[in-house]
Amino acid sequence: MKKSMWSKLGFLSPEGISAAIIAAFGIAAVLRRGLYFAEDGYLLLAVFFLLCAALLLIFSMLRRSAGEKFDDNSGLKANLVVKKKGAHLRSFEGLLRRLTPGELVMLAGPLLLAGFYGISLLRRPVSAQGTVNELLSWSACGCFTVLAWLAASHRQSGRLLRMGWHLVGGLLCASGLLAYVRLLPLPYAVLTGASPQVSASGARLGGLLQYPNAFGAAMAVFLLERLFAAASQAAGSLPAESGADDMRGEAQAVEPGGMEGWGSGSRPDGVEDRDWQGNEGRAAGLRGNRSRSGRRLRELLSGGRRLARRPAARAALRHAPLFPYAAALLLSESRGAWLAAACAAAAALALQRRLALPLLTAGAAPFAAAALLFRGLALLPAEAPPGLGAAAGLWLWAGAIAAGLRLSRRAERPGGRRSAALLAALVWTAGTAAVLLLVRARGIGPSSTVGARLIMYRDALRFAAEAPWLGRGGETWHSVYLAIQSSPYSGSQVHSGVLDLLLDLGAAGLIVAAASLAAAGVQIANRSPRLLAPFLALLLHAAVDFDMSYTLFRLLLLWLPALAVAEGSGIVRGREAEAVPEPVLNRGRNGTLPALGFSNSAAGVAGKSRVYMLKDSALGSPGLTCGSSISVLRSPGNSALCVSYGSAPSSRQAWIRAGQKQAGRCKYRRTVRPIGVHLGIAGACVLLLCLSVLSFRNWRGETLLRQAVSASSNSRAAELVERSLVWNPFSSRSAFVLSSLLSDPGEKRKAAEMGLRYSPQDPALSWTAAEAALKSGEPGEVLRQIRLAERADRFNRLKRTEAAEGMLKLGEAYLAKGDRIEAMRLARTGRELLRQYRLLAEGVDAAPSGGRNDRRFRYTAEAAGLDEQMKALGRAASGLEKGLAESLRL
């Protein structure tokens, strides 16, 4: 059969383009620091949304042209075949119809979260800019999920999807390791510290993510994915990623025994004699197909034999990524990532116990070699040559691959399983002991970070109770943590993805996210259980750290279910409408569809196959009635046999009568359905274009702000910041920079209030407004702004001291004017502010040993001196100092 354009080009199909977009987006996210900072991703998101809209438009246009070509009025064609082109261009609508409720919940989760952030933007959130950032991020995640699901539905695009996953992991790992051995200069890729509480070896690897805990979590995910893939392959539960198993499956599909009965001359039951006589001439065509199937079988078997000559190379490729991922995981020194990986692996092995021995043997040598490299690099002096660590790593890498292959082959032999298990256990124990002996200073005893996180969790839960259902919008913790913290700790992130989402969207968002993740976990467990371990590791670590603040981790979390689909039924489902033997659907002389006679072998294959329903609307043929259907029987080897059943008529006259009877209903369905589809596509394109424009406006505003920071003069900088606010009025940073550049107190205060309109609890803007009010000289407004600023930033000793000093100067100015009453009032107000400052500092000092004082909040000597000056101002304003001086003179 002649191949379609999409079959020839493969990667240029809509599914292939989707996979390419996903891979490019993932790599770009890695290079942009994991998209932790929203400003790093504005331009990337603008391009991504634009590509999604363009792909949707092209997809709908090609689908329409293919439908017009396929749905003509010439009746049922003589060689009606479900071609790849028509099936692929219609697969998006068909894919939506075939989605299960669990799949719908999983796909709709990110889109619903984006919708909740859009609603929060209308409810005066604590940070309009933070809400916009989360809206863009989750909208991109929703589009990413749909594209990944579409790419996973076809074999070639599924391979591109897996290739993109491996490219992302390899880039993240290789860049981090090269930066650690000083061969690749990356800023902030390695965190150094002499304290054993920070790093046991003196340096922690953060890679392109610039945060060791997040980098360790990412390496744990990729390590578990490869480790369970190697174990599953050794256990025989996962098809090889090369083409050998595909060839073997297709060879089974065209087994000559399965074609018996197709070319036989016996008439099947239920078919009229005149129709069968008209089809006797096609028996030769069936026998010709059978001979061609035999040649195809020989070609496939010969190709499988050629690939089977390289089993050692394929096994080496499967074991190759284990050592780099394990080394990067250990060098991050992330105890949370280690624990999450261990717990996830244990949970996955509890569900797949037969993978225990293959997993132990596959990971023993790489882990031991990584532990040896970890100890060696810790002992390496700082003045050592940069290439020394890299050379040691390459030798250990080669040894890990060789030892791992040898141990895995020993475990595959019937008599060597026990010895291989014992040897693997000894190697794992030795590697674990080597690591724990080095990090015992950090891993044993009380942890200060755990205590700090418990304090943050308590404060977050208390604040979340104030808006329990819909939350307070995006980046809530980052905007209000200085106002709600019970002790002066430093933590702009709440270190919990669960609490972060609870603060942003309340219980509604948390329920949607939990349902979507649960549906994704079920899909992974059903389709590719080996991916359950990395999925659980990512969830466990995200629950106790701020991994979800990285858009990259959200993408990885949504990427894993798509990989499961690509490895499971998704590939089969994408090929279900592949071209089938033409004579199967050939029409008889009087318009009947001949039934099929199966031999015992063919019936056995069909008994184990999956049955798919292709309605007449999917086939696009007006000759089929609205109630007729085609059953596609697909064998484990992915071959397809089509038989007609249901309400399909048995003769031309019956076919015409049935078509005339249901013509009205078919016409209605053909008229209404395209209108709804076109409206939905148009609405989605408009929404994507709006998101792209919003992302571009944010990028343009951020670009102008960066230019203003490096401007040569204040006037030029102010002009650039004003233009930045025109592009993005939500930016609180732009408003703060503008207020700091302006000299006039009135204009400064106006700029600060403009920023507070969209970020009402921003500490920097609140203190700026208070400073502007102090310069304006209105005592009532001054006190109000200072109260608001202190409420937005409780434990800021410098700003509290400056506010008291400003009150003192303002009181002295009123006293110089002769307004003693206002001067006395300002003195009393200033002393009250200092008293509250002193009580707050005494409370921090009296806190138990577990309390945190990262900001070094205390009652300073300068504040005590200001209190004495306030007393003197009060006495001078009340006339007591003058009376005392006169009494002393007498």
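Biologist: Does helix 22 pass helix 24 in a left-handed or a right-handed crossing?

Modeller: The crossing of helix 22 past helix 24 is left-handed. That name applies if the near helix is turned anticlockwise from the far one by less than a right angle, and right-handed is the word if it is clockwise. Before we go on, please note that this is a predicted model, where local features need pLDDT of at least 70 and side-chain atom pairs count only at pLDDT 80 or more, while totals for chains, interfaces and linings use all residues. Residues are numbered from 1 along each chain as its sequence is written, and side-chain values use heavy atoms, with hydrogens and water left out.

Biologist: Which residues of helix 22 and helix 24 meet?

Modeller: Leu517, Ala520, Ile524 and Arg527 in helix 22 touch Leu557, Leu560, Pro561, Ala564 and Val565 in helix 24. By class, this contact has eight nonpolar residues, no polar ones and one charged. Contact means heavy atoms within 4.5 Å. Ala, Val, Leu, Ile, Met, Phe, Trp, Tyr, Cys and Pro count as nonpolar, Asp, Glu, Lys and Arg as charged, and the others, Gly among them, as polar.

Biologist: How do you know how helix 33 and helix 35 lie to each other?

Modeller: The axes of helix 33 (residues 763-776) and helix 35 (residues 797-817) come within 10 Å and cross at roughly 15 degrees. Helix 33 and helix 35 are therefore roughly parallel. Helix 33 passes helix 35 in a left-handed crossing.

Biologist: How many helices and strands does the protein have?

Modeller: There are 38 helices and five strands. Both are DSSP runs numbered from the N terminus: H or I over at least four residues for helices, E over at least two for strands.

Biologist: What makes Cys143 count as buried?

Modeller: Cys143 has a relative accessible area of 14%, and so it is buried. Buried means under 20%, exposed over 50%, and partly exposed in between (1.4 Å probe, protein chains only). Cys685, at 5%, is buried too.

Biologist: Is Gln210 buried, partly exposed or exposed?

Modeller: Its relative accessibility is 28%, so Gln210 counts as partly exposed. Gln210 sits in the loop between strand 2 (203-205) and helix 9 (212-235), and its phi is near 60 degrees, a positive value in a residue other than glycine. Most residues other than glycine have a negative phi.

Biologist: And where does His495 lie?

Modeller: His495 is in the loop between helix 21 (476-484) and helix 22. This residue is not a glycine, yet has a positive phi of about 60 degrees. At 13% relative accessibility, His495 counts as buried.

How values were computed: Axes fitted to C-alpha atoms, helices over the stretch in contact; angles between N-to-C directions. Parallel < 35°, antiparallel > 145°, perpendicular 65-115°, else oblique.
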